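Work through the exercises below with the structure in view. Try each task before reading its solution.

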Amino acid sequence: MKKGRGRTSRMRRRKLFRNSESRGVNESCKPEFIELMKWLKDRKFEDTNLVPAYFPGTGRGLMSKTSLQEGQVILSLPESCLLTTDTVIRSYLGAYVAEWQPPPSPLLALCTFLVAEKHAGDRSPWKPYLEILPKAYTCPACLEPEVADLLPRPLKAKARAQRTRVQELFTSSRDFFSSLQPLFSEAVESIFSYRAFLWAWGTVNTRAVYLARGRRPCFSAEPDTCALAPYLDLLNHSPAVQVNAAFNEETRCYEIRTGSSWRPHEEVLICYGPHDNQRLLLEYGFVPPRNPHACVHVAQDVLVKYLPAADKQMDRKLSILKDRDFTENLTFGWDGPSWRLLTALKLLCLQAEEFPCWKKVLLGETVSDTNEKTSLDVAQKICHHFIEETNAVLQKVSQMKAQEVALAAQLTLVETLWTEELRVLQASAETLNRLHPAST
């Protein structure tokens, strides 16, 4: 068993988390939550385990009323409460969706429904749910361009791709939006604006649960797997907990079964997956502190930056790494450089007479003490390069926060990401400093 992966380690992490701002302020008496609970009760939902609350570390979430035991179903949301493509088909939009060619994607259908219901205001039967949704989102596609430009390079490329996908989906859907004009007295262009569409896309992208539906001819071939789950989507993320989430075909409810135990008045958390901080920001728009999966990615150009430029075998070495998928997922983590990163560096640092042994490197074997030392030297240089780069970006973000007050919240999010990456790099640097003497 790897260090830090056992039951004792999980209990230690949970104890650490519980000691850090896990008690919240009950918000069940706030008007929006009173209305939401009435709405849910009308749809046959009753919750005896949880209550909405505000937590200093995570914001709005759900707090335990009583002790919750491992294996217990802590939340069971009836199918009637879920917002799915079935909801769209049964609504006033159904006929328009069914007639449109080419068929719209399930994602477009959900976004269209959200925009239309948000526009309906008090007339929307979904108003109690819509009222508690965020007014804006912070995944990269929703950030201002000058803020997104401050993201780490691997994430910046993914952010650009994400923004492009959303913009292209909006642009390609304008004719579909125009077909809905008979439903509205106002011009559809003013209702289905890019800002409104981006909000709807952010809602689905960051809050939907997985619920697979069968293929239907009224939708495109894209997977129909998203469902919005009111109240359930208030549950926040922690990498230190375990849950089982699925739709129960017998009860016709979406259920959350906890793999952890909770004391009364604690924030109850679920795990969105073993994701690093860049993935969590990309998909959900937040950066958690002390994420055990946090890491810093090393791109190929940085990988070779501190290697001898005169190495005539460099192209061949890079080709070997690429063919064997060793140019991706090279990282620094809390425990130091990853095995993949060190292995790639060892192969790249092979001297001419050692090069025929490259297969041994990929198998984890030691070729020579010199190769071990050289690869650690290069790892240290790359790590220090990232530390310098990170400090420079943090200084730039600090200056922008003082100048761009309107962007303070978004800049703080980016600052948190870089700060967490700096902590990872500093931990890696300490590990490398310990390893280096052992390799000489």
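Accessible areas come from the Shrake-Rupley method with a 1.4 Å probe, and for residues only the protein chains shown count as cover. The model is predicted: local features need pLDDT of at least 70, side-chain atom pairs count only at pLDDT 80 or more, and totals for chains, interfaces and linings use all residues. Residues are numbered from 1 along each chain as its sequence is written, and side-chain values use heavy atoms, with hydrogens and water left out.

**Exercise 1. Overall description**

Task: State the accessible surface of the protein and the share of carbon and sulfur atoms in it.

Solution: 
- Step 1. The accessible surface is about 21900 Å².
- Step 2. Carbon and sulfur atoms account for 52% of that surface.
- Step 3. For the extent, the C-alpha trace spans about 75 × 50 × 50 Å along its principal axes.
- Step 4. Buried means under 20% relative accessible area, exposed over 50%, and partly exposed in between (1.4 Å probe, protein chains only). Of the 440 residues, 50% count as buried.

**Exercise 2. Helix H15**

Task: Explain why helix H15 is largely enclosed by the rest of the structure.

Solution: 
- Step 1. Helices (H or I, at least four residues) and strands (E, at least two) are DSSP runs, numbered from the N terminus. The protein has 18 helices and 13 strands.
- Step 2. H15 covers residues 339-348, and eight of its ten residues are buried, so the helix is largely enclosed.
- Step 3. The buried residues include Leu341, Thr343, Ala344 and Lys346.
- Step 4. Contact means heavy atoms within 4.5 Å. The buried residues of H15 pack against several elements, among them helix H14 (314-323), strand S12 (331-333) and helix H17 (369-403).
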